[in-house]
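Student: Could you take me through one part of this model up close? I would like to look at the aromatic rings and what surrounds them.

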Amino acid sequence: MHFSNLFASVFLALSVSALPTPKPNPEPKASFVTLPLKPLEQRSTGVHPLIAHQQNVNRSYRRYARLSGRSEPSHEELHDNLRKRVLAVEGEAGLERRYNRLGVPKNPRAADSENELERRFNRAGVPSSAKHRRAGSGSTLASAAAKHKHHGNKANNGNSTGNPASTTSSSSATAAAAVTDANAPTAADSLGLDIEGSDVGYLATVQIGTPAQDFLILMDSGSADFWVGSENCLSENGGGCGNHKFLGTQSSSSFVDTNQQFQVTYGTGAVAGDIVTDDVSIAGLALTTHTFGVANVESVDFSDDSTPFDGLMGLAQSSLSEQQTLTPIEALAKQGLVTEAITSYKIPRLADNKNDGEITFGGLDTTKFDSTTLVTLDNVNTQGFWEGNLDAVTVDGTDSGLQGRTAILDTGTTLIVAPPNDAAAVHALIQGAQDVGQGTFTLPCTSNTSVALSFGGTSFTIDSRDLAFQPVDPNDPTGDCISGISAGQIGGATEWLVGDVFLKNAYFSTDVGKNTVSLAKLV
């Protein structure tokens, strides 16, 4: 049974351009700027919805552990979860296939990897902090990046756009995911969020370098490093880093390599390279000699042609940064280009056909939400992620009895992941819902059940289209759907991981200076 993989984490992407050097101590153009966010249309990879969902749940478990500061689940545990799901759906024959975002690999070596079933098609996630980093792809990439830099490999032939030298196994056969462009932003200091696939990821257009180049950058509130591919980028599978934009001395006269290395390992995927400075422009605000990273080596999750973005921008607090540098919003505030280090998100829903996604730097776009519903919460996370107190969860107005919970609000997670007892309590109130094991629930695709999360005394309802996440049988859209709320085996008994299943239904804002998060009802 074939379907489009809609379970990837939501990734917000920017395209960043450098402007001429501004005069010293420039006055802010406005209190904030906005960029549009647009969606991409993801192709089918032939993975059964329940298997794809298990991949996404596994990835959420790992992300949840990193966000909550706990030990990650073992590879064996995650592998066993996916193995059971594959056996239940497709039998022994299914175990011979590699289920990841890129489909079945042509490279025979990939089939021998012990990570075959665990690989997830959603690329980015919360990076491993130094204290949690384990041996694996991150350290392997770092070693490869250092060796690559020493030998001065020219994998991209000096080209800043595209990569004809790429020989990754699936790049040649894989087209980039389609993107649904966002409308022009309605506020200054903002970028539109383009939509990847059916709410798979969110992208926006920005620029880097001299002369300015457009880069499409994945936006993630759950990490804190900003990077793009280097002109000499290599894929971990060999060859170059796909049909992407790259940055270096050949494309930018303002590019400076500090010769310091960095590496970031995400929930899925990893990069390693050099810390550099160059001019960056975000919605017309010029950051001169901004410090960030260029990836000399990328895992296939980022280097493959099917990946539509050119890099990633983390917008958690910079205390999480592996590069040990300010995030772009913090740098904008420090240079006086915006008045406050606030990032705000209006995440679009493809089914609405409005293409109205935006990311705003320096404030909140009041045209996007009902100001009378705005609530501001203290950030209760001590690691630099964004987490607030969750007052209550109701189903059709009935209180589920779940008080004293907290919710990590994360644009880089697709689903809602709740502790097992909590997830069971919520679904027990949904008529027709069933527990199908390993953290997965189903409910009728035609359900109009209203599930709401309450923060700061305000109740935010989840659209039924988001709750009924994906039909179990793509050919039966009125049958059973996989629930957008899953059960997680990781973290405390009171912690939830709340991703875009919820965040598409609220205006979401983070404030580094005040260490707060805000939510409001959309208009």
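**The aromatic cluster**

Tutor: Trp227, Tyr266, Phe302 and Phe309 form one aromatic cluster. Rings of Phe, Tyr and Trp (its six-membered ring) pair if their centres lie within 6.5 Å; planes under 30 degrees apart count as stacked, over 60 as edge-to-face and the rest as tilted. Before we go on, this is a predicted model, where local features need pLDDT of at least 70, side-chain atom pairs count only at pLDDT 80 or more, and totals for chains, interfaces and linings use all residues. Residues are numbered from 1 along each chain as its sequence is written, and side-chain values use heavy atoms, leaving out hydrogens and water.

The structure holds 8 aromatic pairs. In one of them, Phe226 and Phe292 are stacked, with 5.1 Å from centre to centre and 25° between the planes. Phe226 belongs to strand S8 (residues 226–235) and Phe292 to strand S11 (residues 285–298), so this pair ties together parts 66 residues apart in sequence. Helices (H or I, at least four residues) and strands (E, at least two) are DSSP runs, numbered from the N terminus. Both Phe226 and Phe292 are buried; buried means under 20% relative accessible area, exposed over 50%, partly exposed in between (1.4 Å probe, protein chains only).

Trp227 is buried at 1% relative accessibility, and Phe302 is buried at 2%.
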